[in-house]
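Please keep the sequence and the structure in view while reading.

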Amino acid sequence: MKMKSAVVIALAASLLAACSSSSDDGKEAAAPAETGKVDLTFWSWAPDIDKVVEKWNVAHPNVHVTFSKQANGDDLVTKILTASKAGNAPDLFQAEYQALPTYVSNNAVADITKEAGGLKSKFAEGAWSLVTLGSDTVYAIPQDSGPMMYYYRADLFEKYGLTVPKTWDEFAQQAETLHKKDPKKYLTNFSAADPGWFVGLAQQAGASWWGVSGDSWKVSVNDAATKKVADFWGGLVQKGTIDKQPSYTPKWNKALADGTLLSWPSAVWGPGVLSSNAPKTAGKWKIAPLPQWTAGENKTGSWGGSSTAVSANSKHKAAAAEFAAWLNTDPAATTDLVKISQIYPAASDAQSGPALQTAPEFFKNQPDFYTVAKQIAGTAQGFTFGPNVNVTYAAYKDAFSKAIPSGAFGGALDTMQTSTSDDMKKNGFKVS
Amino acid sequence: MAQSARAGGRRTAPYAFLAPAIVLFVIFCVVPIGYSAYLSLRKVQVKGLGLGLGSRTEVFAGLDNYRTALSDDELLSGVVRILGYGLIVVPVMLGLALLFALLLDSAQVRLSRFSRIAIFLPYAVPTVIASLLWGFLYLPTLSPFQGILGDFDPFAPSTVLYSIANVAIWGGTGFNMMVMYTALRAIPREMYEAARIDGCSELGIALRIKIPLIIPSVVMTGVFAIISTLQVVSEPMALRPLSNTISSSWSPLMKVYTDAFARNDLYGAAASSVVLAAATLILSFGFLRVVGPRAFGGES
């Protein structure tokens with residue numbers, strides 16, 4: 001009996017240990033800054049960005065950057081916050097705009113105003129305010145932006161006699177028409193796994209989830225504009241005229257590749273996703289502005305968009321900031337980012353630079369890809385992100401997944417609102 | 001003088017031999033548990049808008065986190081869900097394991113070596129890989145069993161529990177079978193002979209002699225199965241991205257993970273894991289107390 005109890009205790013203990021121990025290994029070897037060579041680490045998930053980093057390493061023998069692809073999107077936020085708490089975050093990391101307030105609030109990013117404040121003139125005001133959070137402090141350097149646009153299969157649209165929807169009403173009709181003609185095909189899918197996608201669509205409708213007045217926050221995830229968007233998609237899901245599966249799954253990839261899904265409201269970085277997930281559909285897709293809520297309007301939202309941040313743990317802030325500045329403003333580097341990583345650069349010079357003169361390889365059939373993209377980018381609506389976007393996004397995934405069978409998205413939105421404001425109150429934020 | 005030194009040595013020697021184990025135990029068990037317990041009593045306090053650097057401080061929270069954990073509907077429904085899952089997994093997995101062990105131990109079986117390895121093999125497949133493997137089989141448009149599945153969707157809200165249980169049973173049966181089989185091999189063969197002379201059938205031998213004699217291993221595998229049920233996390237985590245039906249708080253440990261790493265609330269997560277560990281201890285000891293005296297008879 002004694003022995004067995006000990007086994008049980010040890011097992012229960014290992015459960016606890018598994019929950020609480022954060023990795024202690026992988027601590028950065030602190031290179032002495034004064035003696036010359038500096039080693040930096042950089043976490044990012046932009047496609048093939050390691051090749052751009054390699055070019056920096058060749059040109060700058062004294063500051064070596066080691067690239068590491070640790071995780072994508074929201075998962076990287078998690079990793080950075082944990083690593084930062086443990087004191088072993090990388091020197092540099094890719095920070096999506098919506099995550100930056102969370103990083104700042106958790107002391108994960110360094111203040112690089114001194115090192116990078118001078119770069120302000122290189123970016124549009126909107127992009128710069130995303131990395132200063134509207135203040136005078138610079139927390140990161142903008143890398144790319146993600147204005148949303150409408151990707152559609154030109155060949156299949158022709159085959160089924162569909163026209164590119166100008167409004168969301170038209171979109172709903174097209175979805176119904178298509179599904180009637182061929183019950184196996186869908187105009188698109190509603191993804192309960194992509195909060196960033198949903199917030200982009202809500203931005204287009206004029207949503208404002210967070211606001212600041214004095215020293216208190218205003219949280220309105222379930223505002224009228226977002227409700228409109230949620231009800232619209234909930235209606236489509238209920239009718240069954242669009243697909244309900246989450247995006248970025250093997251099944252979804254197959255649906256894109258075999259023409260089960262005919263269109264995708266996505267962002268300017270879409271070609272990278274399409275070319276790797278559905279390579280055989282090259283030359284069959286086209287882009288157009290997102291359908292509008294009111295005919296004749298011209299608005300869009302943003303899905304993602306990233307900056308390069310220097311972590312608060314970094315022992316080489318100056319060198320790290322220098323690399324971040326080079327990566328996102330140097331003409332050669334931004335050209336590579338466009339060509340190799342297929343991103344839409346945030347730097348003003350790069351947006352009118354040579355790299356954006358030719359369409360991505362995947363969109364050879366649409367030579368004016370970037371001309372159209374640039375026009376669309378100019379119509380992106382501003383948005384303020386709060387200090388606990390991670391909580392809001394986690395709530396989106398659970399609440400909308402749960403609401404998928406019924407299509408009752410209004411209730412899911414209320415759950416997100418409660419979850420977000422409760423978390424802020426619990427942590428001591430003033431919420432009005 | 002020399003006498004007392006030797007006596008002192010005799011008293012300290014066991015501790016010296018124990019020291020490495022104790023040190024490791026303290027570093028890898030006591031300290032992490034202590035740290036979790038400490039974290040579970042803390043919380044974050046934000047000043048102002050929380051946007052300036054250094055606006056977050058850690059303060060003492062008392063039992064707040066425990067109050068939240070115990071009144072958390074999601075954690076509770078996760079526990080209920082897992083109890084249902086355990087009611088499927090534990091009896092089916094142990095039942096199959098026992099059946100296979102008895103079959104392999106019976107004299108008539110052919111290809112016993114091959115069968116033993118074949119049944120054990122899934123245990124050697126890492127859980128995450130096994131889950132992905134099954135996940136692909138479950139996805140209607142990708143599954144090679146598309147025709148057989150028809151309209152049956154393994155990821156529907158009503159079936160997902162069984163789909164996940166299936167992965168666990170597939171992976172766990174082999175190991176449990178091995179434990180029981182080993183116990184069976186240790187039974188002296190003369191007993192069977194005596195039973196046969198008394199006119200006992202093969203089935204009778206299995207039911208009246210073999211099973212009663214290996215009850216201690218069945219109980220032990222039962223305890224392990226209960227613990228691993230309460231700790232289930234890899235299977236649902238790996239299957240989650242493939243569908244809408246597995247929430248981030250599907251099992252209690254997933255809830256702990258989401259709280260700690262997606263919602264960035266280490267403190268609440270620490271409190272929940274202390275609660276879970278306590279529940280695991282209570283359940284395991286409860287199980288042992290109920291079946292222990294019968295199973296181990298004179299042993300303790």
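## Terms and model

A polar contact is a pair of N or O atoms within 3.5 Å; within protein, one of the two must be able to donate a hydrogen and the other to accept it, and residues adjacent in sequence count only if both atoms are side-chain atoms. The model discussed here is predicted.

## Two domains of chain B

By that rule, one residue pair is in polar contact between domain 1 of chain B and domain 2 of chain B, with both residues at pLDDT 80 or more. The elements that supply two or more residues to the side of domain 1 of chain B that touches domain 2 of chain B are α1 (2-39), β1 (42-46) and β2 (56-60) of chain B, and by class this side has three nonpolar, two polar and four charged residues. Between these domains the rule finds zero salt bridges.

The domain assignment of chain B places domain 1 at 2-60 and domain 2 at 72-296, and the C-alpha centres of the two lie 33 Å apart. Nine residues of domain 1 of chain B are in contact with five residues of domain 2 of chain B, and the two domains bury about 520 Å² between them, with 72% of it on carbon and sulfur atoms. In domain 1 of chain B, S36(B), L39(B) and S40(B) lose the most area to domain 2 of chain B, together accounting for 59% of what that side buries.

## Chain A against chain B

Between the chains, 54 residues of chain A are in contact with 54 residues of chain B, and the area buried is about 4800 Å², of which carbon and sulfur atoms give 64%. The interface has three salt bridges, one of which joins the side chains of D265(B) and K426(A) at 2.7 Å, N to O.

Twelve residue pairs are in polar contact across the interface of chain A and chain B, both residues being at pLDDT 80 or more. Among the elements of chain A that each supply at least two residues to the side touching chain B are α1 (2-20), α17 (389-403) and α18 (409-426); α1(A) gives the most, with 13 residues. The residues of this side divide into 27 nonpolar, 16 polar and eleven charged.

## N388(A)

N388(A) lies in the loop between α16 (369-377) and α17 of chain A. Is N388(A) buried or exposed? N388(A) counts as buried because its relative accessible area is 2%, where the cut-off for buried is under 20%. Leaving aside residues up to four places away in sequence, N388(A) touches T102(A), W210(A), T420(A), D423(A) and M424(A).

Key
Residues numbered from 1 in each chain as written. Chains lettered and ligands numbered in written order. Predicted model: local features only at pLDDT ≥ 70, side-chain atom pairs only at ≥ 80, totals over all residues. Heavy atoms only, no water. Contact = heavy atoms within 4.5 Å. Buried area = accessible area lost by both parts, 1.4 Å probe. Salt bridge = Lys/Arg side-chain N within 4 Å of Asp/Glu carboxyl O. Helix = DSSP H or I, 4+ residues; strand = E, 2+ residues; numbered from the N terminus. Nonpolar A, V, L, I, M, F, W, Y, C, P; charged D, E, K, R; others polar. Buried < 20%, exposed > 50% of the residue type's maximum accessible area, 1.4 Å probe, protein only. Domains from an automatic or database assignment.
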